Structure formats: C-alpha cells, structure tokens
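Subject: Handover of a structure

Hello,

I am passing this structure on to you. Please look through it first and then read the notes below.

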Amino acid sequence: MPHSRNTCLLTLLWVALLATACRPTPSVPEPGTDAYQETITAFYTGLAALQAGEDRGARALLERVTEQAPGEPAAWANLGLLALRRNDLEAARRYLNQAARLAPENPRIHVLQARLALAEDQPEQARSHLLQALRTDPSDLEAAYLLFQLLETHPMPDDTLTADTLLARMLHYHPDNQALWLERLHRAVATQNARMLRETVTHLQSLVSTWPEEARVVWQELQALIRPPDWTALTTQVRFLRNTLLQHPAFRTDLAELQPPPDVLSPPLSNPLRLKRPQATFALPDTLMTFQPEPLSTASVQALRVVWKAADASPSLLLVRARDVQFHDGAVLNRPGPTPPTVSPRNSLALFDFDNDFRMDIALLGRQGLRLYRQHADGAFTTIELPDLPAVTLTGLWVADFDLEGDLDLLVGTRSGIFWVGNNGDQTFQIQRVFSTAPHQLVWSDLDSDGDPDLAVLDLNGTLHLWRNERQGLFLPDTTLPSTTSCTITTADLDHNGRLELILWRPDGTLQQLAYAPHTRSWHISSLPSRTPTLPESTCRQAHLFTADLDNNGAQDLIASVPAQTWIWLVNARGNLRPEPLSLNAQTFDAADLNGDGRLDLAAVQPDGTPIRLLNQSDAPYGWTQLHPQAVVVGDQRVNSFGIGGIVEIRAGTIYQKQVIQAPVVHFGLGLETRVPLARIVWPNGNVQAEFNLAANQTVQATQRLKGSCPWVFTFNGERMVFVTDFIWGSPLGLRINAQETGDIAQTEDWIKIRGDQLRPRNGFYDVRITAELWETHFFDHISLMAVDHPEGTEIWVDERFAFPPRLLKLYTTGPVQPIARATNHTGRDVTAMVQQRDGHYFDAFALGAYQGIAEPHFIEVDLGKEVPADQPLYLIAYGWLRPTDSSINVAISQGRHPRPRGLRVEVPDGQGGWRVAYPDLGFPAGRLKTIVIDLTNQFPKGGPYRVRLHTNLEIYWDWIGWAEGRPALSLRTHRLQPAVAELRYRGYSATVQPFHAAPEIPLYDSLASTAQRWRDLEGYYTRFGDVRELLARVDDRYVIMNAGDELVLRFQALPDPPEGWVRDFVLIGDGWVKDGDFNTTFSRTVRPLPYHGQPGYDTPPGRLWDDPVYQRFPEDWLHFHTRYVAPDRFDQQLTLPLK
C-alpha cells in the first residue's frame, strides 16, 4: 500500500513537471503589428518616466507592457526597480521573480535581486545573485562593486575570492575609472600595502592635471605623506581627496558607475530582452516632401514673421517692410523711421506679450529709435511710452526675461553695446546698458546646462561672445570659448542628448556645432555633415538659421537661408542630419502650420522680394502635436503668459525631442506615434511639470505649485503619519526683498505646536519625520521636542508668525477658545461661516493681485461678541495659511508702481465710532496650517465694541478665528526631549492634494509621487545618510544638510501619560536655515556659502570649501558627515535614454 501511494505521488510529480516544462513562455507581439508599436512606445516612454521620477506614469506604462507583452522580462524588472525605489519590497519581490523566471541568466536582473536581498538584510542571498551576475557578465561594474562591499563587510573565511582580487578584476575591465583607482588607493592605505600604494599613486599622477585646483592641492599634500608612508595621516588624506574630487563632474560620473545615487538605486534595463529592439530611433525622413508656393502680395517686403495675435488665434504672417509692418487683417503699424541698414530685417521687430494678457504686442526699430505697440482686446494697437534710447546706431532687437523675474524684457543692440529695456510689469520700463559688445545676432538660452539662460552674441564682425548667467543680473564672460567667426547662430539639441548646443553657420559655408560638456567643463566644436556655398559678406549679414521638424519624423531639421535660397537638412532614422539638403529658391524666415493640416509650412520671400507661404505637401502618415504652454497669470505671474524661454521635452517611444519655447505654440513631429505619452515642461522660473498622454493641439497650463516652502513635518497620530505644518520658516537664506536687497536673518530658531491628537507613542517613541521636498537645501542645527502637560479645559499656543522684529518664542496659556459672533470682509459681506470653526473652508473673500502671494488690500472684521472679559488677558487666536511670494516675485513687484507686500495691520475701535491701529505690522502666518496669537489685552474701549480688523494685501487664508481668555498663572509641566534616534535617509517626494485655490497644498506621507531627482538640485556637499544625532545635539553651527528627497527620521522617548485631569500637547523646536533655488535668491545654485549664527547677512560669495568659516571651524565634519555630493548632472538627460 505505501509503495502504491509513493508510485502515485511520483507519477503526479512527473505530470506536474511535464506540464511545467510544456507550459508555453508568455508571448510578446511581433514587429510590424499595432500591438508591437504600442508596446514599444509604452516600454520606452515608461522607461523615461521612471528616470524622470514620474513614478505613477512609469508604473502605468510598464504595467501596460506586461499586459501586452507578458513575456518581456525587462518590463517586469523595471517594475521591480520602481518598487525597490519606493521601498515596496513585497511588490519588488513579485516583479523580480517574474523577470527572473523569464530571463534566469540575465545579469541585470540578478543585480536587482541582490538589491532586494540587501534591503531584506539577506547578505548571503545577495552574494549569490551577484556571483551569478558576474559569471554571465564579468565586466558588470555595479555588480562587482556591490560584491566588493559585501566582501569587506561580510567576509567568508573559506572564500577564495577576496576584495583585493575583485578590485583587480574591476580595474582590468574598467582601467579608466577614476573612482576605482581611488578605491584602490583607499585599499592600499587600509591594508598598509606599500607596493600597491606606489603603483596606485603612479597611475593617479597621470590624471591630476584634469582635476580641479582644490583636488590638486590635496594630492600634493598626500604625496608628502608617502615616503615613508604615514599610514594614519594617509587614511585621513585619502578620504579628504575623495571628498574633494566629488566636486569634479568626471569623477562623479565614474563613481555613479560603481555606486548609483540613492534616488537611482540601480540603472533600469534600457532595452527589451525578448521584444525585438527598434532598428531606428526616428521615423524615416520624408525626402519626397515638397512645398507649394502661395503668393501673399505683389508688393515687396524685407522679411516675414509668423505671429499668433492671441492665445486662441491661428498663426498668420506678418509682412515686415522698411517703414512698417502689416498683419494679415490689413492692420499696419509704423516704425519710428525706416529700418536702419545695420539691422537685419528679421531682428528689426520683437513679438512678445509684455503685459501678460495673452495678446501679442510688438516692438519696432527705426532710425529714430524704438516704438512699442500694445494690443487691446479688440485687436487694435496703441503705443506705450518707452524711455529714450541713446542717440546711437541700432543693430537689432530681441526678447528675453533678462532679470528672470517673470515678465519679458527687450534687449536692444547698438554700436555702443546692448541695452536692457526692463519691463516693470505695469506698462512702464527702465533702460540700462548691460554689455559693451555691439551685437549682430543674439541667442538667449541655457548653453552650459546649469538651468539659467546664458547670452551668446555674434558681434558686427561675426566673432562669437558668450556671457554665462550667474543669476541676480550678474553675467561673466566665458574666456574658454573657442575662437570662431560666423554669419549667424541658433540653438538646438541636434544630437538629442538633452543639452542645447549652438549651431554656427560660417562664411565658408560650413556649419558647426558648439557644445558645452559639463563632464569636463569645457566647450567642444565639431563640424556638421552640412554645408552651403561660400557666403559673400553682404549675403552673410542676411543669413538666417533655425530648426523645425518639417517632415514630422520626430527630429528637428536644420534650415539655413539667405536671399533667394534655402537649404533644408532632414534628419535620418538614426537621428543624424542627412548630408544632401533639399533646396528652395526663396529665403525662408519662419515655420508654422499655416493651414491646419499638422505639417509645418514656411514663410518665405522670393528673389523679387514678394512674400509667399510655402505649403508643406506630403503623403507620409506621420503624427504630430502642437502644445500651447500657458501660465497662470492672475494671482501668479511667476511665468510670462506663453512660457517664452522655457523648455519642452517629449518622449514618445524611442523619439526624444527638446525645444525652447519661442512662440505660443510648440510643434512636435511624432513619426509613427499618434500622441505624446510623456512631456516635461521646465518653465522659465525653473519649475518642473510633467504631462502624460497629450493629444494634438493640447493646451498645457502651468500648475501653481510652490517651488519653495521650507521642510515639512509629519507625525504619527496613533494610526498613520499625518502632515502637521512646515518648519524653519523664519530663516530663509538669500531671500531677495526687492531688486537690490537681500533680507537679513533675525531669528534662526522656530517653534511649532503639535497637538496631542497629532502625536501618539509608537513602540515607546514619539515618531516625527521632517522631509525636504521642494527646490531647497535645509540646514538643521538643532531639533528637540517639548512635551507640555496642562490641565483639561485649558490650551497652550505658540505664535507661529513671521515678523520683524521676530515674535517671542514662548508658550501662551489660555482657557478654551470661544467662537466669534460674526465676521465680515472689507465689502461688508458676511463671512462668519468661513472662519467660525476649523473645517477646511477658508476665508477667500478678496480679489487676487497680479502676483502670487499678493492680493487686493482687504480686511476681515471679527466681532468677538459681548462675553469678552474686560479685566482679564485676552488673545485672538487665528489659524490659517499664507501663499508666499518668492525672491523673483519680490524683485518683480519692487519695479514700477506695484503695491508692496504689507503684513497684518490690526485695528480696534477707537471708542468714537472710528478705528485705531493697535499693531501696525504683525507680519503673517509662517507658512501653511499655522496659528498666530494676537494679544488684545486692554486694546478695546470700555464696554466695547469688541471688534478687530485684520488688514493686509497678502494672500492669507483664514480657516478659523476665535478668542480666548489668557491664563498667565496656569501651571504647566514641560519636558524637553532630545532625539533618541535621528536618522537621515532618502525617501522621495510625497503626493499632494489641493482641493481648491484657497486651500493649502497638503502632502500625503503614505503616498509617494516620485522617487527620482525632481529639481535641479543646489550643488554641494550634503550630510551622508545614517545617524546624525551628534549634529543636532546643540546650537553650534554643526548641522545636518538636507537635499530635496531626503527625510530626517526622529524618535523621542515617550513619556508616561499625564496624570488624570491633564492633557498633553507638544512643541517641536528647531534651529537652522533654508535656502531655495529661485533664480533671484542669492547664491541659489550652490549649497555654499555655509550659514552660521554670527552672520545675519548672506552676501559673501562662495569660494573654496576650506576657506569657508564653517568648514574652518569643523573640518572633521567633511570627513565624517558631509561626504555626499549632490549635483544636477542628470537633470537634463532624464528623458533621453539613447538606445544601446
């Protein structure tokens, strides 16, 4: 009987194994089918979304791949990577197991499984996966370095593979990796191996000339310690050298190959494993495309320009003539005299919406100067008075937001230099000479990949000049630029690497590409496979160069034109310019879809001077889209109406394009795609926005997200982590208060109240989390928690205002808060229901102003009722939030005649039927969900009335206002708690909700929106992850430096419950600073200069690290704590993902 049972079991087992063996591998679609194209598009777009940190979109797209191609291991693996980044280990295990079943030998999948094992604290399992990865691909540097670290931390006694052996193998496969050689140097010193030390130093000596100055100095000091080796000193010096080299982009690139940054964790699988890889990046060029001429007028013109007269208008052509310009509807605008012969006709006018009303205005040059026309709602134009230009010869006119404060300015070229005609935002202008070079052509674009636009100029001799934008109106000439002479220039991303290059057309007919390489911080010039006949001097002065995707194959084509001739170089399927151009017998000036068929037509002038439009004729079935970027103007104005100067990037399968926004409509060809699965807009103020699944002719409106608002505080309430408020709001570094001045820091300490129902013990600890999620760097010098026990029926408060002079940091004790009797706004409207209880319905009975944070002058009048105690301390308790301005807005509103921001002015009845000022300026709530305490003791006339007016012109939204009797003699029991745990770690970015404009944006701790780099981070040294209690123990200028995406986990030992009849609230106490990346914030590109308490101002430019006063006091902190270097190296290339 047992034998029969065993036989049966064996039979069943064999049947099961045979069934498993015969089970078909999940399928993938075949090339040439619609399913294949959809799957490939979803795979590569999902990959780009993963790299750009758009986690939700990435997950949706990659899951679509697994539905359409369940047999594709790379999609499962990338879903596993996304889950790992989000610390969802269960989902990661599920996805990676499926990937491994489909591709059991793939080394990248084994590396991801090793990452999962390490996250689950299973080093032996991780080791096994890494060994398997290296058996398949011995050159896998990430796998080898992970294993190297494991061998150092978890050595096996009987293991023949040692850390030194593995390090030698890595150098064999990657002999040029500087980070590996630094690791070998560290290893030589750690093991006191003199021979290895000499060999390593000899090799590194050949690289020293490429290192920055600070690293070379450290290297010289290190060499002095070698003969004989001072091993103790060398240990410190090697660490110092490594940290110094982190400032070097080439070293960071090499290090990332060994150890990807925390937000990356591990590179994704960049290509499918079973799906057939696309053979081309773009669609085939449409070499059969033709252009049908259509005459516009029999009269001659100098040039043509495409114009969108309003946001909802179709494009039309503007006839540019010597004495005037004419619109398609016949309207004529006169110049101030004929066009000067020194001005190229195309550069004799500027189309721009200077007053942000979504109607195009126009500026014209003439011999008598500059004239500006403003367009009205009916389409008519009137002139706007401008300051007089000096009596100089004019050379051209261009548009730029020169001071980066949100509205568009003019740059006027003259023989004596470039004049900035600054837009004050109120239909007035200022004028100032900013450069002494006389320009023939000008480009305003980010050419050095640091986030802000630079200025490239061809002078009247064709010599190229470049000024790099250092922000706050400071431009430095770049003396490393290669010497070259050109007829004209433009900017584009022709090599599809996410960085903008200058394209130059030289007099000898050659075209060149000038690109900045952040990796080496140098310029590189290369020849394009395109050329024209030699250009005579007169022709050279009239040359014009631009890019547009004329055949809609998904890549920008290059168009060069001179009088009577145009050359068009299309881009082939591999993304390269074809050497054979299409040729047209007319000069072209602009491209736009003039007849609504989705193809770009050309605005041109024939050899006889008559204008025509060249209508694009093609049978290619290529898709396209036109995006309409639009800013939020009313109540915002951080960005000009059409986002001019911003950047739009798209990813549609293998197609990647990047364009500067130069007009109200941005056209993208899509090849065989029909929609834009992913677009990323970087608005001119640096704010980043992603959009998914955009159709043709899609309007994209800027979201009104704050890019800076201090750290966010979350607490455990007994069930989950909840948002409390923001923190360290009163000490912003480098905040501009107007166009000339930076605000000083008066108070670095901050107190915020945490209600008892917001903070409950968890496993014996109070759990507090502080997250950095905006375009900011945070410096935390001290954090502690005060537990405050008080009798039931009483309240404690903290005055959470930003004010100057600073508010008192103290506890206010009161009885229960009483409801107000009535509230009205400045127009007499009853708003009692808005503020009578804390319910998320905010007082918003006022009109918004022109700029974010500014409203019309208004007040809320509160009647406290008749039960107010006449002879007791009395407080008004107001709970709400502030939508703030920022540095750029403050610069903008300081120009012209704009109302300046005014804090809360408190008025009370004067006893004679009028009002008197009790407090002229109490500041404002310091961020979101803040309570302010206003002392009204002895402020009212005897017998009342007990009414209060809160005046301001700021966007302050009150949720709840009440009053309470003061209890100054109330007995309190306070306990100041230091953190038992203070751990810095990487987390990512919270999802947020904002139900309506008057409500604050609230982050959700349990829902991550993104785990990858979201902002163009401030560059510099940040605190390494791990225990940071030592840095937070006291106020001493030794601080934690946090970057966006970081989280500070704090746990305080919980106290016994308060005695019966008492309740407990808390006060979180912090000391530190916040610095944001706003273009007008002082030194906003870098972490340094480092703040300290003896420095109220912030005006010393950052120099060398070791010259910084804080570093000089605590140099050891840069060996033990501040060893993580962050730079926005990958920001511009997050969507690029070239095929390998």
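This is a predicted model: local features need pLDDT of at least 70, side-chain atom pairs count only at pLDDT 80 or more; totals for chains, interfaces and linings use all residues.

Residues are numbered from 1 along each chain as its sequence is written, and side-chain values use heavy atoms, with hydrogens and water left out.

Domains and annotation

The chain is assigned domain 1 (34-258), domain 2 (303-338 + 345-436), domain 3 (625-701), domain 4 (707-791 + 972-1139) and domain 5 (795-969); such bounds come from an automatic or database domain assignment. Between the centres of domain 2 and domain 4, taken over C-alpha atoms, there are 45 Å. An unreviewed UniProt entry carries the annotation "repeat: TPR" for residues 73-106. UniProt positions are given in the numbering used here, feature names are shortened, and annotations may be inferred rather than shown by experiment. Residues 73-106 are 79% helix and 0% strand, with 9 Å between the end C-alpha atoms. Helices (H or I, at least four residues) and strands (E, at least two) are DSSP runs, numbered from the N terminus.

Cores

A nonpolar core is a set of buried Ala, Val, Leu, Ile, Met, Phe, Trp, Tyr and Cys residues joined through side-chain atoms within 4.5 Å. Buried means under 20% relative accessible area, exposed over 50%, and partly exposed in between (1.4 Å probe, protein chains only). The largest nonpolar core has 188 residues, and L185, I860, L864, L950, W958, I961 and L1068 have the most contacts inside it. Helix α8 (residues 141-153) gives the most to this core, nine residues. A second, separate core has 62 residues, including L318, V320, F352 and A631. Contact means heavy atoms within 4.5 Å. Leaving aside neighbours within four places in sequence, I860 is in contact with several residues, among them F843, L950, W958 and I961.

Strands

Strand β10 (residues 394-400) has six of its seven residues buried, so it is largely enclosed by the rest of the structure. Its partner is strand β11 (residues 409-414), joined to β10 by six bridges in an antiparallel arrangement; two strands pair if DSSP finds at least two bridges between them. In this pair L394 stands opposite T414. In strand β52 (residues 930-935), five of the six residues are buried, so this strand too is largely enclosed by the rest of the structure. Strand β52 pairs with strand β48 (residues 874-882) in the antiparallel sense over six bridges, and Y879 stands opposite T931 of β52.

D324 belongs to strand β4 (residues 324-326) and is buried, at 14% relative accessible area. The side chains of D324 and R321 are joined by a polar contact of 2.7 Å. A polar contact is a pair of N or O atoms within 3.5 Å; within protein, one must be able to donate a hydrogen and the other to accept it, and residues adjacent in sequence count only if both atoms are side-chain atoms. Beyond its neighbours within four places in sequence, D324 is in contact with L319, V332, L333, N334 and R335.

I889 is part of helix α17 (residues 887-893) and is buried, with a relative accessible area of 1%. Its contacts, leaving aside neighbours within four places in sequence, are with R638, Y851 and Q852.

Y1098 lies in the loop between β63 (1062-1076) and α19 (1109-1113) and is buried at 3% relative accessible area. The side chain of Y1098 makes a polar contact of 2.9 Å with the side chain of K1075, and it reaches the backbone oxygen of P1089 at 2.6 Å. Y1098 and T742 are 356 residues apart in sequence and 7.6 Å apart in space, C-alpha to C-alpha.

Loops

The peptide bond from R227 to P228 is cis, with omega near -15°; P228 sits in the loop between α12 (213-223) and α13 (231-245). F804 and P805 are also joined by a cis peptide bond, with omega about 0°. L404, which is not a glycine, has a positive phi of about 55°. L404 is in the loop between β10 and β11 and counts as buried at 9% relative accessibility.

Regards
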